[in-house]
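Hello,

Please find the structure below, followed by notes on what was found in it.

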Amino acid sequence: MSAARLGGRFFLPAAFGRLGVAMTGLAVFWAVQGSSGSLGHGGFATGAFAVADAAVGPHVARLIDRWGQRRIVPVTTSLFGVAMAALVVACVARSPEWVPIVLAAAVGASLPPVGALSAARWRKVTGPGVLSAARPKARTNVLAPGENEAGPGNLLPAALSLEAAVNDAAFLIGPVLVTTLGTSVAPWFSLVTATTFVAGGTFVLLTATDSEPPAGGFSPGTLMDRRLLHRGFLTLLAANLALGFFFGGIGVAITGFTLAHDAGALTGPITGAAGVVSLVAGLAYGALGVPRPAQVMLGAGIVLAAGCALLALTPGLGTMFAGYALVGGCVALVLVPGAVLLQRAIVTAVTTQAMTWVNSASALGIAVAAPLVGTVSGAHGWKAGFLALAALTVTLPLTVAAAGPRRCAARPPDAIVTR
């Protein structure tokens, strides 16, 4: 069966699952805020959800890599469904304030890593041949057990760009669904919808047994699998932490700008326009098969950092629409090359946990940047907020530049891969 047909069997359910994931954090906020009448309680619940997801997710992913998707994911997804149902009941019943916060943490801890599950399957169905062009023949002994040089080597970057495009679309559509359902039906109803998408998409994905990666077996190391402790992966981990700074601060900075111009309702359209440009850029990157992903990632990172500084000079709303469309449109040109480099920097047996660690690093960056940029904007105005964000975001191109293209694409050393 072709890679495209194999991918099609899990890609669509994974896309629905991603949409549910994109809805979940905001759905938690709406449900808790709606039941308590407090923005603060909604924020605490959302924070508990995010922290639990970032802290527990990599360890669940490690179990998935070790034992296989079908042995671990049904259990965690069922726990996710139970936690979401309990949160709905707690919100409807107006439980004590601490109860929804605890349940939101349980939701975050059990949230299935749908994107990582899908990417691991793409890696299997496209074959490791995509890596062969970057791997000297003298180093073929770094292949993990079961890998070989055969396979349609040009398909993985295209598949990853498609994944990034779906992710962009999910995070464009998800918040709209949450707010629409929350205002037209009930604040908690978006939790039910998100649960349906996540659990339904994940369980259908698991039925595509032909694309499931084999269980990796023994996972050496304590906090992190030792096969991830090398310069290629750690460089990408640091780069995603820096990208998280951008994600965490840009919404806050744009909100400060729109409020200062008495146009708070335009915050969504401004960010949405950039999301559309990013989606198109990601698809174009995959379709064109652009070489040298580290250089592309570096260039896009420079645009993000410099663009944040230049947005502080924005004179009006029209300029902000156009300016942020160009700046935010470069996000996919960081994410997709970064995903390609990540596949080069890891072996198949640690794919799920590697991607989950990267997501956790980005979440940490968001948690740091959002309050920092918000505090600066509140004290010194929206221009200062953009400049603070630029100072944080510049760590992205600096990290990539300091490592250099070879280190970003470094393969795991032989001693770590083989056992």
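**Cysteines and helix α3**

C330 is buried, with a relative accessible area of 12%; buried means under 20%, exposed over 50% and partly exposed in between, with a 1.4 Å probe and protein chains only. C91 also counts as buried, at 5% relative accessibility. A search of the whole structure finds zero disulfides, a disulfide being a pair of cysteine sulfur atoms within 2.5 Å.

This is a predicted model, in which local features need pLDDT of at least 70 and side-chain atom pairs count only at pLDDT 80 or more, while totals for chains, interfaces and linings use all residues. Residues are numbered from 1 along each chain as its sequence is written, and side-chain values use heavy atoms, with hydrogens and water left out.

C91 lies in helix α3, where the buried residues also include Q69, I72, F80 and L87. Helices here are DSSP runs (H or I, at least four residues), numbered from the N terminus. Helix α3 covers residues 69-92, and its 24 residues should span 34 Å at 1.5 Å a residue, which agrees with end C-alpha atoms 34 Å apart; the expected span is 1.5 Å times one less than the number of residues. After α3 comes R94, with a positive phi near 50°.

Helix α4 (residues 98-110) packs against α3 at an angle of about 160°, with the axes 8 Å apart. Axes are lines fitted to C-alpha atoms over the stretch in contact, and angles run from 0 to 180 degrees between N-to-C directions. The two helices, α3 and α4, are therefore roughly antiparallel, the word for angles over 145 degrees.

Regards

Notes. Parallel < 35°, antiparallel > 145°, perpendicular 65-115°, else oblique.
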